[in-house]
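Subject: Handover of a structure and its salt bridges

Dear colleague,

Please find below the structure that I am handing over to you. A summary of the findings follows it.

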Amino acid sequence: MAEKPGLYENVTRQVDKAADLMGLDADVREILSMPTNEIVVHFPVKLTDGTVKLFDGYRVQHNNVLGPFKGGLRFHPLVNRDEVRALAAWMTWKTAIANLPYGGAKGGIQFDPKEYSLEDLEKITRRFTFALGDNIGPEYDIPAPDVNTNSQIMAWIMDTYLSMQSPHQRQANFHVVTGKPIESGGSVGRDKATGQGVVYILERWAKDNHFDLSQATYFVQGFGNVGSWASRLMQQHGARLLAVEDATGAIYNPEGINADDLTTYVAADRQLADYQQAEYIDHETFMATKADIFIPAALESQITDITAPLLNVMLVAEGANGPTTPEGDAILFDKGIQLLPDVLCNSGGVIVSYFEWLQNKRSEFWELEEVDGKLHKMIMKAYDRVQKAAVDYDTDWRTAAYIVALARLAKVYRERGIFP
Ligand code: NAD
(Lines give C-alpha, C1' and ligand atoms only; values in the text may rest on other atoms or scores of the structure.)
Protein backbone atom coordinates (compact mmCIF):
# COMPACT_ATOMS: atom_id res chain seq x y z
CA MET A 1 0.00 0.00 0.00
CA ALA A 2 1.89 3.10 -1.18
CA GLU A 3 1.39 6.45 0.50
CA LYS A 4 -1.78 8.09 -0.81
CA PRO A 5 -1.26 11.83 -1.17
CA GLY A 6 -4.17 14.19 -0.93
CA LEU A 7 -6.35 12.29 1.53
CA TYR A 8 -7.54 15.52 3.10
CA GLU A 9 -8.50 16.69 -0.36
CA ASN A 10 -10.67 13.58 -0.70
CA VAL A 11 -12.51 14.49 2.50
CA THR A 12 -12.91 18.06 1.32
CA ARG A 13 -14.41 16.86 -1.96
CA GLN A 14 -16.88 14.67 -0.10
CA VAL A 15 -17.84 17.52 2.22
CA ASP A 16 -18.15 20.04 -0.61
CA LYS A 17 -20.61 17.79 -2.42
CA ALA A 18 -22.84 17.64 0.65
CA ALA A 19 -22.39 21.34 1.43
CA ASP A 20 -23.43 22.31 -2.10
CA LEU A 21 -26.49 20.08 -2.03
CA MET A 22 -27.76 21.36 1.33
CA GLY A 23 -26.77 24.98 0.68
CA LEU A 24 -24.47 25.13 3.72
CA ASP A 25 -23.81 28.56 5.16
CA ALA A 26 -20.59 29.90 3.59
CA ASP A 27 -19.13 30.97 6.95
CA VAL A 28 -19.58 27.52 8.44
CA ARG A 29 -18.03 25.96 5.37
CA GLU A 30 -15.06 28.28 5.74
CA ILE A 31 -14.59 27.42 9.44
CA LEU A 32 -14.82 23.68 8.88
CA SER A 33 -12.46 23.71 5.91
CA MET A 34 -9.35 23.51 8.12
CA PRO A 35 -8.57 21.90 11.47
CA THR A 36 -8.56 24.04 14.62
CA ASN A 37 -5.11 22.90 15.82
CA GLU A 38 -2.31 20.81 14.35
CA ILE A 39 0.31 19.63 16.80
CA VAL A 40 3.55 18.09 15.53
CA VAL A 41 6.08 16.84 18.07
CA HIS A 42 9.56 15.51 17.43
CA PHE A 43 10.54 13.58 20.53
CA PRO A 44 13.65 11.58 21.39
CA VAL A 45 13.48 8.11 22.91
CA LYS A 46 16.37 6.24 24.48
CA LEU A 47 15.79 2.69 23.25
CA THR A 48 16.70 -0.45 25.17
CA ASP A 49 19.79 -0.98 23.01
CA GLY A 50 21.10 2.34 24.26
CA THR A 51 20.60 4.30 21.03
CA VAL A 52 18.53 7.48 20.87
CA LYS A 53 15.97 7.85 18.10
CA LEU A 54 13.85 10.85 17.18
CA PHE A 55 10.17 10.16 16.38
CA ASP A 56 7.55 12.32 14.64
CA GLY A 57 4.21 12.42 16.43
CA TYR A 58 0.99 14.15 15.37
CA ARG A 59 -2.27 15.25 16.89
CA VAL A 60 -4.70 17.12 14.66
CA GLN A 61 -7.73 18.63 16.41
CA HIS A 62 -10.25 19.31 13.71
CA ASN A 63 -13.23 20.78 15.53
CA ASN A 64 -14.61 20.97 19.08
CA VAL A 65 -17.77 23.01 18.78
CA LEU A 66 -19.90 20.03 19.85
CA GLY A 67 -17.62 18.90 22.69
CA PRO A 68 -14.05 17.78 23.46
CA PHE A 69 -11.85 16.63 20.58
CA LYS A 70 -12.09 12.85 20.20
CA GLY A 71 -10.30 10.34 18.02
CA GLY A 72 -7.78 7.55 17.76
CA LEU A 73 -4.02 7.30 17.72
CA ARG A 74 -2.32 5.33 14.96
CA PHE A 75 1.19 3.84 14.94
CA HIS A 76 2.16 3.29 11.31
CA PRO A 77 5.04 4.15 8.96
CA LEU A 78 2.66 6.04 6.65
CA VAL A 79 1.27 8.37 9.35
CA ASN A 80 1.67 11.94 8.08
CA ARG A 81 -0.01 15.28 8.56
CA ASP A 82 -2.30 14.99 5.54
CA GLU A 83 -3.56 11.56 6.62
CA VAL A 84 -4.08 12.63 10.24
CA ARG A 85 -5.91 15.76 9.10
CA ALA A 86 -8.31 13.70 7.01
CA LEU A 87 -8.87 11.18 9.79
CA ALA A 88 -9.48 14.01 12.27
CA ALA A 89 -12.09 15.58 9.98
CA TRP A 90 -13.86 12.22 9.59
CA MET A 91 -14.11 12.08 13.39
CA THR A 92 -15.85 15.47 13.43
CA TRP A 93 -18.49 14.18 11.00
CA LYS A 94 -18.79 10.82 12.74
CA THR A 95 -19.41 12.18 16.24
CA ALA A 96 -21.88 14.72 14.84
CA ILE A 97 -23.86 12.02 13.01
CA ALA A 98 -23.98 9.83 16.13
CA ASN A 99 -25.16 12.83 18.17
CA LEU A 100 -22.25 12.53 20.59
CA PRO A 101 -21.06 15.51 22.67
CA TYR A 102 -17.67 15.37 20.94
CA GLY A 103 -15.64 17.00 18.24
CA GLY A 104 -13.07 15.31 16.03
CA ALA A 105 -9.34 14.66 16.31
CA LYS A 106 -6.77 12.08 15.30
CA GLY A 107 -3.12 11.45 15.91
CA GLY A 108 -0.28 9.04 15.64
CA ILE A 109 3.39 8.34 15.40
CA GLN A 110 5.15 7.69 12.11
CA PHE A 111 6.92 4.37 12.73
CA ASP A 112 6.42 0.64 12.41
CA PRO A 113 5.68 -0.77 15.88
CA LYS A 114 6.42 -4.30 14.65
CA GLU A 115 10.10 -3.39 14.48
CA TYR A 116 10.27 -2.60 18.21
CA SER A 117 10.20 -4.67 21.39
CA LEU A 118 7.32 -4.29 23.84
CA GLU A 119 9.64 -2.45 26.20
CA ASP A 120 10.60 0.08 23.50
CA LEU A 121 6.97 0.42 22.46
CA GLU A 122 6.13 1.44 26.01
CA LYS A 123 8.94 3.99 26.08
CA ILE A 124 7.86 5.48 22.73
CA THR A 125 4.23 5.66 23.85
CA ARG A 126 5.05 7.27 27.18
CA ARG A 127 7.47 9.78 25.68
CA PHE A 128 4.88 10.74 23.02
CA THR A 129 2.28 11.28 25.75
CA PHE A 130 4.74 13.48 27.64
CA ALA A 131 5.49 15.44 24.46
CA LEU A 132 1.76 16.03 23.87
CA GLY A 133 1.45 17.35 27.44
CA ASP A 134 -1.67 19.42 27.94
CA ASN A 135 -2.66 19.10 24.29
CA ILE A 136 -4.71 16.11 25.46
CA GLY A 137 -6.97 15.94 28.50
CA PRO A 138 -10.17 14.23 29.70
CA GLU A 139 -12.37 17.26 29.02
CA TYR A 140 -10.29 18.59 26.13
CA ASP A 141 -8.98 15.90 23.77
CA ILE A 142 -9.47 12.18 24.38
CA PRO A 143 -7.45 9.69 22.30
CA ALA A 144 -8.45 6.07 21.66
CA PRO A 145 -7.06 3.02 19.82
CA ASP A 146 -6.70 2.89 16.05
CA VAL A 147 -4.41 1.00 13.65
CA ASN A 148 -1.62 -0.79 15.58
CA THR A 149 -2.66 0.64 18.94
CA ASN A 150 -4.67 -1.25 21.54
CA SER A 151 -5.84 -1.24 25.15
CA GLN A 152 -2.28 -1.76 26.45
CA ILE A 153 -1.09 1.38 24.65
CA MET A 154 -4.07 3.27 26.13
CA ALA A 155 -3.14 2.07 29.64
CA TRP A 156 0.40 3.45 29.18
CA ILE A 157 -0.93 6.77 27.91
CA MET A 158 -3.33 7.07 30.84
CA ASP A 159 -0.66 6.15 33.36
CA THR A 160 1.81 8.67 31.91
CA TYR A 161 -0.82 11.39 31.78
CA LEU A 162 -1.89 10.70 35.38
CA SER A 163 1.73 10.77 36.51
CA MET A 164 1.95 14.30 35.11
CA GLN A 165 -0.98 15.47 37.30
CA SER A 166 -0.91 16.45 40.95
CA PRO A 167 -1.75 13.46 43.21
CA HIS A 168 -5.12 15.02 44.06
CA GLN A 169 -6.12 15.19 40.42
CA ARG A 170 -5.10 11.71 39.30
CA GLN A 171 -8.26 9.79 40.10
CA ALA A 172 -10.34 12.39 38.28
CA ASN A 173 -8.47 11.94 34.99
CA PHE A 174 -8.96 8.29 34.05
CA HIS A 175 -11.09 9.37 31.09
CA VAL A 176 -8.13 11.01 29.32
CA VAL A 177 -8.21 8.03 26.95
CA THR A 178 -10.82 5.43 26.03
CA GLY A 179 -10.32 1.87 24.87
CA LYS A 180 -8.44 1.05 28.08
CA PRO A 181 -8.19 -2.47 29.53
CA ILE A 182 -11.30 -3.22 31.63
CA GLU A 183 -9.32 -3.43 34.89
CA SER A 184 -7.75 -0.01 34.20
CA GLY A 185 -11.07 1.75 33.69
CA GLY A 186 -12.10 0.40 30.29
CA SER A 187 -15.61 -0.59 29.30
CA VAL A 188 -16.85 -4.06 28.54
CA GLY A 189 -17.85 -4.20 24.90
CA ARG A 190 -15.34 -1.57 23.74
CA ASP A 191 -13.02 -4.12 22.16
CA LYS A 192 -15.68 -5.42 19.81
CA ALA A 193 -17.61 -2.14 19.54
CA THR A 194 -16.56 -1.03 16.06
CA GLY A 195 -17.13 -4.48 14.54
CA GLN A 196 -20.37 -4.80 16.51
CA GLY A 197 -21.54 -1.46 15.15
CA VAL A 198 -20.77 -2.54 11.59
CA VAL A 199 -22.85 -5.68 12.13
CA TYR A 200 -25.77 -3.79 13.75
CA ILE A 201 -25.79 -1.56 10.69
CA LEU A 202 -25.68 -4.60 8.40
CA GLU A 203 -28.59 -6.22 10.29
CA ARG A 204 -30.63 -3.09 9.78
CA TRP A 205 -29.66 -2.79 6.11
CA ALA A 206 -30.63 -6.45 5.61
CA LYS A 207 -34.01 -5.88 7.27
CA ASP A 208 -34.72 -2.78 5.17
CA ASN A 209 -33.70 -4.58 1.98
CA HIS A 210 -35.44 -7.91 2.74
CA PHE A 211 -32.08 -9.63 2.61
CA ASP A 212 -31.33 -12.77 4.64
CA LEU A 213 -27.99 -12.30 6.44
CA SER A 214 -27.84 -15.98 7.37
CA GLN A 215 -27.45 -16.78 3.66
CA ALA A 216 -24.97 -14.00 2.98
CA THR A 217 -21.42 -14.36 1.73
CA TYR A 218 -18.85 -11.71 2.64
CA PHE A 219 -15.17 -10.92 2.50
CA VAL A 220 -13.07 -8.69 4.69
CA GLN A 221 -9.94 -6.61 4.22
CA GLY A 222 -8.00 -6.15 7.47
CA PHE A 223 -8.16 -8.69 10.25
CA GLY A 224 -7.26 -6.55 13.24
CA ASN A 225 -9.69 -5.18 15.79
CA VAL A 226 -12.44 -4.09 13.38
CA GLY A 227 -12.08 -6.79 10.70
CA SER A 228 -11.84 -9.76 13.04
CA TRP A 229 -14.78 -8.69 15.20
CA ALA A 230 -16.97 -7.86 12.22
CA SER A 231 -16.07 -11.26 10.71
CA ARG A 232 -16.88 -13.17 13.87
CA LEU A 233 -20.14 -11.37 14.51
CA MET A 234 -21.28 -11.85 10.90
CA GLN A 235 -20.45 -15.52 11.25
CA GLN A 236 -22.76 -15.70 14.26
CA HIS A 237 -25.57 -14.78 11.87
CA GLY A 238 -24.67 -17.79 9.75
CA ALA A 239 -23.05 -15.71 6.99
CA ARG A 240 -20.08 -17.26 5.15
CA LEU A 241 -16.65 -15.58 5.14
CA LEU A 242 -15.11 -16.28 1.73
CA ALA A 243 -11.86 -14.29 1.77
CA VAL A 244 -9.68 -12.24 4.11
CA GLU A 245 -6.71 -9.99 3.43
CA ASP A 246 -4.28 -8.39 5.84
CA ALA A 247 -0.82 -6.85 5.54
CA THR A 248 0.71 -10.30 4.95
CA GLY A 249 -1.53 -11.27 1.99
CA ALA A 250 -4.96 -12.66 1.10
CA ILE A 251 -6.65 -16.05 1.56
CA TYR A 252 -9.78 -17.62 0.07
CA ASN A 253 -12.01 -20.60 0.76
CA PRO A 254 -15.33 -20.98 -1.11
CA GLU A 255 -16.61 -23.28 1.67
CA GLY A 256 -16.04 -20.51 4.22
CA ILE A 257 -13.21 -19.46 6.53
CA ASN A 258 -13.84 -19.97 10.24
CA ALA A 259 -13.43 -16.45 11.66
CA ASP A 260 -13.01 -17.64 15.27
CA ASP A 261 -10.30 -20.07 14.29
CA LEU A 262 -8.55 -17.47 12.14
CA THR A 263 -8.65 -15.00 15.05
CA THR A 264 -6.99 -17.52 17.36
CA TYR A 265 -4.44 -18.31 14.65
CA VAL A 266 -3.50 -14.66 14.03
CA ALA A 267 -3.50 -13.85 17.77
CA ALA A 268 -0.72 -16.45 18.20
CA ASP A 269 1.53 -14.18 16.10
CA ARG A 270 1.21 -16.28 12.96
CA GLN A 271 0.86 -14.82 9.46
CA LEU A 272 -2.64 -14.79 8.05
CA ALA A 273 -1.21 -15.55 4.60
CA ASP A 274 0.12 -18.90 5.94
CA TYR A 275 -3.29 -20.07 7.23
CA GLN A 276 -3.71 -23.61 5.91
CA GLN A 277 -7.53 -23.86 5.83
CA ALA A 278 -7.68 -21.55 2.81
CA GLU A 279 -5.72 -20.94 -0.37
CA TYR A 280 -3.45 -17.97 -0.93
CA ILE A 281 -4.71 -15.48 -3.55
CA ASP A 282 -3.30 -12.24 -4.94
CA HIS A 283 -4.71 -8.79 -4.20
CA GLU A 284 -6.62 -8.42 -7.52
CA THR A 285 -8.27 -11.83 -7.10
CA PHE A 286 -9.15 -10.88 -3.54
CA MET A 287 -10.79 -7.60 -4.58
CA ALA A 288 -12.74 -9.46 -7.29
CA THR A 289 -14.19 -12.05 -4.86
CA LYS A 290 -17.81 -12.71 -5.80
CA ALA A 291 -19.82 -12.21 -2.63
CA ASP A 292 -22.80 -10.28 -1.29
CA ILE A 293 -20.89 -7.95 1.04
CA PHE A 294 -17.38 -6.49 1.18
CA ILE A 295 -16.16 -5.09 4.51
CA PRO A 296 -12.98 -3.00 4.10
CA ALA A 297 -11.44 -2.80 7.61
CA ALA A 298 -7.77 -1.98 6.99
CA LEU A 299 -6.44 1.33 5.73
CA GLU A 300 -7.81 4.18 3.61
CA SER A 301 -7.93 4.52 -0.21
CA GLN A 302 -8.43 0.85 -1.01
CA ILE A 303 -11.47 1.14 -3.30
CA THR A 304 -10.14 3.31 -6.09
CA ASP A 305 -10.50 3.89 -9.82
CA ILE A 306 -8.27 0.80 -10.22
CA THR A 307 -9.93 -1.59 -7.74
CA ALA A 308 -13.59 -0.48 -7.75
CA PRO A 309 -14.13 -1.97 -11.26
CA LEU A 310 -13.03 -5.35 -9.83
CA LEU A 311 -15.64 -5.47 -7.07
CA ASN A 312 -18.36 -8.08 -7.51
CA VAL A 313 -20.65 -7.44 -4.54
CA MET A 314 -24.02 -5.81 -3.85
CA LEU A 315 -22.90 -3.89 -0.76
CA VAL A 316 -19.78 -2.28 0.70
CA ALA A 317 -19.90 -1.73 4.48
CA GLU A 318 -17.00 0.54 5.42
CA GLY A 319 -15.35 -0.62 8.65
CA ALA A 320 -12.15 1.32 7.89
CA ASN A 321 -11.97 5.09 7.73
CA GLY A 322 -11.83 6.46 4.21
CA PRO A 323 -11.41 3.15 2.37
CA THR A 324 -13.07 4.55 -0.77
CA THR A 325 -11.69 7.42 -2.86
CA PRO A 326 -14.10 9.81 -4.62
CA GLU A 327 -13.24 8.08 -7.93
CA GLY A 328 -13.96 4.70 -6.34
CA ASP A 329 -17.26 6.05 -5.03
CA ALA A 330 -18.35 7.13 -8.50
CA ILE A 331 -17.57 3.70 -9.95
CA LEU A 332 -19.47 1.89 -7.17
CA PHE A 333 -22.42 4.16 -7.82
CA ASP A 334 -22.34 3.43 -11.58
CA LYS A 335 -22.12 -0.29 -10.89
CA GLY A 336 -25.17 -0.09 -8.62
CA ILE A 337 -23.19 -1.26 -5.57
CA GLN A 338 -24.74 0.09 -2.39
CA LEU A 339 -22.51 1.67 0.23
CA LEU A 340 -22.77 2.12 3.99
CA PRO A 341 -20.30 4.96 4.67
CA ASP A 342 -17.53 4.87 7.29
CA VAL A 343 -18.80 7.85 9.27
CA LEU A 344 -21.97 5.87 10.02
CA CYS A 345 -20.87 2.27 9.67
CA ASN A 346 -17.80 2.29 11.95
CA SER A 347 -19.17 4.71 14.55
CA GLY A 348 -19.72 1.91 17.09
CA GLY A 349 -16.17 2.39 18.38
CA VAL A 350 -16.51 6.04 19.27
CA ILE A 351 -20.02 5.48 20.64
CA VAL A 352 -18.77 2.89 23.14
CA SER A 353 -15.73 5.10 23.83
CA TYR A 354 -18.29 7.71 24.89
CA PHE A 355 -19.89 5.13 27.22
CA GLU A 356 -16.47 4.36 28.70
CA TRP A 357 -15.86 8.09 29.24
CA LEU A 358 -19.23 8.44 30.97
CA GLN A 359 -18.59 5.42 33.18
CA ASN A 360 -15.22 6.87 34.25
CA LYS A 361 -16.78 10.27 35.02
CA ARG A 362 -19.48 8.63 37.13
CA SER A 363 -17.29 5.87 38.64
CA GLU A 364 -19.62 3.26 37.18
CA PHE A 365 -19.19 -0.11 35.49
CA TRP A 366 -21.93 -1.08 33.09
CA GLU A 367 -22.87 -4.63 32.11
CA LEU A 368 -22.31 -5.82 28.52
CA GLU A 369 -26.08 -5.97 27.87
CA GLU A 370 -26.36 -2.33 28.84
CA VAL A 371 -23.43 -1.29 26.62
CA ASP A 372 -24.68 -3.29 23.63
CA GLY A 373 -28.27 -2.13 24.13
CA LYS A 374 -27.29 1.53 24.26
CA LEU A 375 -24.92 1.13 21.30
CA HIS A 376 -27.68 -0.46 19.27
CA LYS A 377 -30.10 2.33 20.09
CA MET A 378 -27.65 5.12 19.26
CA ILE A 379 -26.36 3.63 16.03
CA MET A 380 -29.90 2.89 14.82
CA LYS A 381 -30.84 6.53 15.41
CA ALA A 382 -27.78 7.57 13.40
CA TYR A 383 -28.87 5.16 10.65
CA ASP A 384 -32.37 6.69 10.70
CA ARG A 385 -30.97 10.21 10.37
CA VAL A 386 -28.77 9.27 7.41
CA GLN A 387 -31.55 7.30 5.74
CA LYS A 388 -33.91 10.25 6.08
CA ALA A 389 -31.36 12.70 4.66
CA ALA A 390 -30.74 10.34 1.72
CA VAL A 391 -34.47 10.43 0.94
CA ASP A 392 -34.96 14.15 1.65
CA TYR A 393 -32.04 15.17 -0.55
CA ASP A 394 -32.38 12.29 -3.01
CA THR A 395 -28.70 11.47 -2.67
CA ASP A 396 -26.24 8.69 -1.87
CA TRP A 397 -25.64 7.64 1.73
CA ARG A 398 -22.19 9.14 2.07
CA THR A 399 -23.41 12.56 1.03
CA ALA A 400 -26.49 12.12 3.22
CA ALA A 401 -24.29 11.30 6.22
CA TYR A 402 -22.26 14.46 5.68
CA ILE A 403 -25.44 16.50 5.39
CA VAL A 404 -26.57 15.21 8.80
CA ALA A 405 -23.22 16.16 10.33
CA LEU A 406 -22.98 19.56 8.65
CA ALA A 407 -26.56 20.46 9.57
CA ARG A 408 -25.87 19.78 13.25
CA LEU A 409 -22.61 21.76 13.23
CA ALA A 410 -24.17 24.65 11.29
CA LYS A 411 -27.02 24.85 13.78
CA VAL A 412 -24.61 25.13 16.71
CA TYR A 413 -22.54 27.78 14.94
CA ARG A 414 -25.74 29.74 14.26
CA GLU A 415 -26.75 29.52 17.92
CA ARG A 416 -23.36 30.33 19.39
CA GLY A 417 -22.09 32.81 16.84
CA ILE A 418 -18.45 33.53 16.14
CA PHE A 419 -16.45 35.15 18.94
CA PRO A 420 -15.88 38.08 19.33
P1 NAD B 1 -5.72 -2.91 13.52
O2 NAD B 1 -4.32 -2.42 13.63
O3 NAD B 1 -6.27 -3.69 14.66
O4 NAD B 1 -5.87 -3.81 12.20
C5 NAD B 1 -5.50 -3.35 10.94
C6 NAD B 1 -5.57 -4.49 9.96
O7 NAD B 1 -5.33 -4.00 8.64
C8 NAD B 1 -4.52 -5.58 10.23
O9 NAD B 1 -5.09 -6.85 10.03
C10 NAD B 1 -3.48 -5.31 9.16
O11 NAD B 1 -2.71 -6.45 8.81
C12 NAD B 1 -4.37 -4.86 8.02
N13 NAD B 1 -3.63 -4.17 6.97
C14 NAD B 1 -2.62 -3.27 7.11
N15 NAD B 1 -2.11 -2.96 5.91
C16 NAD B 1 -2.78 -3.69 5.01
C17 NAD B 1 -2.70 -3.84 3.61
N18 NAD B 1 -1.75 -3.19 2.94
N19 NAD B 1 -3.58 -4.63 2.98
C20 NAD B 1 -4.50 -5.34 3.67
N21 NAD B 1 -4.61 -5.27 5.01
C22 NAD B 1 -3.77 -4.45 5.66
O23 NAD B 1 -6.60 -1.63 13.21
P24 NAD B 1 -8.16 -1.44 13.46
O25 NAD B 1 -8.34 -0.76 14.76
O26 NAD B 1 -8.90 -2.69 13.18
O27 NAD B 1 -8.50 -0.35 12.35
C28 NAD B 1 -8.81 -0.71 11.00
C29 NAD B 1 -9.55 0.43 10.33
O30 NAD B 1 -10.73 0.72 11.07
C31 NAD B 1 -8.78 1.74 10.26
O32 NAD B 1 -9.18 2.44 9.11
C33 NAD B 1 -9.28 2.50 11.48
O34 NAD B 1 -9.11 3.88 11.37
C35 NAD B 1 -10.73 2.08 11.45
N36 NAD B 1 -11.45 2.22 12.71
C37 NAD B 1 -11.01 1.63 13.85
C38 NAD B 1 -11.75 1.76 15.02
C39 NAD B 1 -11.37 1.08 16.29
O40 NAD B 1 -12.14 1.14 17.25
N41 NAD B 1 -10.25 0.39 16.38
C42 NAD B 1 -12.92 2.55 15.02
C43 NAD B 1 -13.36 3.12 13.83
C44 NAD B 1 -12.62 2.94 12.68
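A residue is called buried under 20% relative accessible area, exposed over 50% and partly exposed in between, with a 1.4 Å probe and protein chains only. This is a predicted model, in which local features need pLDDT of at least 70, side-chain atom pairs count only at pLDDT 80 or more, and totals for chains, interfaces and linings use all residues. Residues are numbered from 1 along each chain as its sequence is written, and side-chain values use heavy atoms, leaving out hydrogens and water.

The structure holds 25 salt bridges, a salt bridge being a side-chain nitrogen of Lys or Arg within 4 Å of a carboxyl oxygen of Asp or Glu. Helices (H or I, at least four residues) and strands (E, at least two) are DSSP runs, numbered from the N terminus.

Glu415 is exposed, at 56% relative accessibility, whereas Lys411 is partly exposed at 44%.

Asp146 and Arg74 also form a salt bridge, with the closest N and O atoms 2.7 Å apart. This pair links distant parts of the chain: Asp146 is in the loop between strand E5 (141–145) and helix H5 (151–163), and Arg74 is in strand E3 (residues 69–75), 72 residues apart. Both Asp146 and Arg74 are buried.

Asp396 pairs with Lys17 in a further salt bridge, at 3.0 Å between the closest N and O atoms.
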